[in-house]
Amino acid sequence: MKEEILVFGHRNPDTDSICSSIAMANLRKKQGFNTLACRLVEINKETSFVLDKAAEIDEKNVELVKRFVSDKGKINPSRLTGANATLQRTRAKAIKRA
């Protein structure tokens, strides 16, 4: 197995630093490298808001999937999640795939 490459942003990360490290890690994964996006400290409120809005649903991340699904197992509507139509469709497809 290949060594894992950790991709970091700044020491005190802001939104663009976090998003850049995530994008670089995803690019390197597609190129065949074993990468992981990391951060050095806790993220601020603005960054967590952006990541929540643009969250990719990962079927292995149960806590993330739970945030977009009601107790009855239905996908939460966009008026509750605050997502636009395109993002809501993308999330719905990902949840169904999970």
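**View 1. Buried residues of helix α1 in the predicted model.** In this predicted model, the residues of α1 that count as buried are Thr15, Ser17, Ile18, Ser21 and Ala25. Just after α1, glycine 32 adopts a positive phi of about 100°.

View 2. When neighbours within four places in sequence are left aside, the contacts of serine 21 are Val7, Phe8, Gly9, Ala37 and Cys38. Threonine 15 also belongs to helix α1, and its relative accessibility of 13% places it in the buried class. With neighbours within four places in sequence again left aside, threonine 15 is in contact with Glu46, Thr47 and Val50.

View 3. Within α5, the buried residues are Leu87, Gln88, Arg91, Ala92, Ala94 and Ile95. Because these residues cover an arc of only 165° around the axis, they lie on the same side of α5. As background, an α-helix has 3.6 residues a turn, so residues three or four places apart point the same way. Turned away from the buried side of α5 is a face that carries the exposed residues Arg89, Lys93, Lys96 and Arg97.

**View 4. A nonpolar patch on the surface, with leucine 36 as one of its members.** The patch is formed by Leu6, Phe8, Leu36, Leu40 and Val41, which together have about 420 Å² of accessible area. Leucine 36 is located in strand β2, residues 35–37, and has a relative accessible area of 37%, which makes it partly exposed. Phe8, another member of the patch, is among the residues in contact with serine 21.

**View 5. The salt bridge between arginine 39 and glutamate 42.** In general, side chains of opposite charge can pair when their charged atoms come close. One salt bridge is found when the whole structure is searched, and arginine 39 forms a salt bridge with glutamate 42 in which the closest N and O atoms are 3.8 Å apart, a distance that falls within the 4 Å cut-off. Arginine 39 is partly exposed, with a relative accessibility of 42%, whereas glutamate 42 is exposed, with a relative accessibility of 64%.

**View 6. The setting of the close-ups within the whole protein.** The protein contains five helices and two strands, which follow the pattern β-α-β-α-α-α-α along the sequence. Of its 98 residues, 26% count as buried, and the accessible surface of the protein amounts to about 7,500 Å², with 54% of it belonging to carbon and sulfur atoms. Among the contacts in the protein with a separation of 6 or more, 53% are between residues 24 or more positions apart.

Methods
Residues are numbered from 1 along each chain as its sequence is written. This is a predicted model: local features need pLDDT of at least 70, side-chain atom pairs count only at pLDDT 80 or more; totals for chains, interfaces and linings use all residues. Side-chain values use heavy atoms; hydrogens and water are left out. Patches are made of residues with over 30% relative accessible area and no salt bridge: like charges are joined within 9 Å, nonpolar side chains (Val, Leu, Ile, Met, Phe, Trp, Tyr) within 5 Å. Accessible areas come from the Shrake-Rupley method with a 1.4 Å probe; for residues, only the protein chains shown count as cover. A salt bridge is a side-chain nitrogen of Lys or Arg within 4 Å of a carboxyl oxygen of Asp or Glu. Helices (H or I, at least four residues) and strands (E, at least two) are DSSP runs, numbered from the N terminus. Buried means under 20% relative accessible area, exposed over 50%, partly exposed in between (1.4 Å probe, protein chains only). The arc is that of the directions from the helix axis to the C-beta atoms. Contact means heavy atoms within 4.5 Å.
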